[in-house]
Amino acid sequence: MMNYARMGFEIETIRERLLRDRLAGMFTGEAGRQYRSRAHASWIASSSGSRVGRRFLAIVGEEHARATALGPPTR
């Protein structure tokens with residue numbers, strides 16, 4: 001899901017609001033949070049070279065922080 005979402009965001013076929021909605025859903029669950037932990041370094045390596053890539057990473061970080069602030073993940 002994340003590679004599709006990142007690519008879609010970068011080529012502007014996925015708008016920020018939809019990206020945030022998908023990430024919010026993903027990060028409510030335990031699996032999504034674990035996936036983010038494992039994949040975060042590779043997302044940085046592949047996305048931080050452009051302004052849009054950096055924006056994508058910022059949105060991912062914001063939505064992850066929002067989800068974790070709401071409490072423990074669902075199973």
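**Buried residues and helix faces**

Me: Which helix holds His64?
Reply: His64 has its place in helix H4, a helix being a DSSP run of H or I with at least four residues, numbered from the N terminus. This is a predicted model, in which local features need pLDDT of at least 70, side-chain atom pairs count only at pLDDT 80 or more, and totals for chains, interfaces and linings use all residues. Residues are numbered from 1 along each chain as its sequence is written, and side-chain values use heavy atoms, with hydrogens and water left out.

Me: Why is His64 called buried?
Reply: Buried means under 20% relative accessible area, exposed over 50%, and partly exposed in between (1.4 Å probe, protein chains only). His64 has 14% relative accessibility, so His64 counts as buried. Apart from neighbours within four places in sequence, His64 is in contact (heavy atoms within 4.5 Å) with Phe27, Arg33 and Arg36.

Me: What makes Glu63 buried?
Reply: Glu63, also in helix H4, has a relative accessibility of 4% and therefore counts as buried. Leaving out neighbours within four places in sequence, Glu63 is in contact with Arg20, Leu23, Ala24 and Phe27.

Me: With which side chain does the side chain of Glu63 make a polar contact?
Reply: The partner is the side chain of Arg66, at 2.6 Å. A polar contact is a pair of N or O atoms within 3.5 Å; within protein, one must be able to donate a hydrogen and the other to accept it, and residues adjacent in sequence count only if both atoms are side-chain atoms.

Me: How do you know that the span of H2 agrees with its 13 residues?
Reply: The expected span is 1.5 Å times one less than the number of residues. For H2 this gives 18 Å, and its end C-alpha atoms are 18 Å apart, so the two agree.

Me: Why are the buried residues of H2 said to line one face?
Reply: The buried residues are Leu19, Arg20, Leu23, Met26 and Phe27. Seen down the axis of H2, they fall within an arc of 130 degrees (taken from the directions from the axis to the C-beta atoms), so they line one face. They pack against H1, H3 and H4, while Arg17 and Asp21 are exposed on the other side.

Me: Which members of the largest nonpolar core touch the most other members?
Reply: A nonpolar core is a set of buried Ala, Val, Leu, Ile, Met, Phe, Trp, Tyr and Cys residues joined through side-chain atoms within 4.5 Å. Of the 15 residues here, those members are Met2, Leu19, Leu23, Phe27, Trp43, Phe56 and Val60. H4 gives the largest share of this core, five residues.

Conventions
Helices (H or I, at least four residues) and strands (E, at least two) are DSSP runs, numbered from the N terminus.
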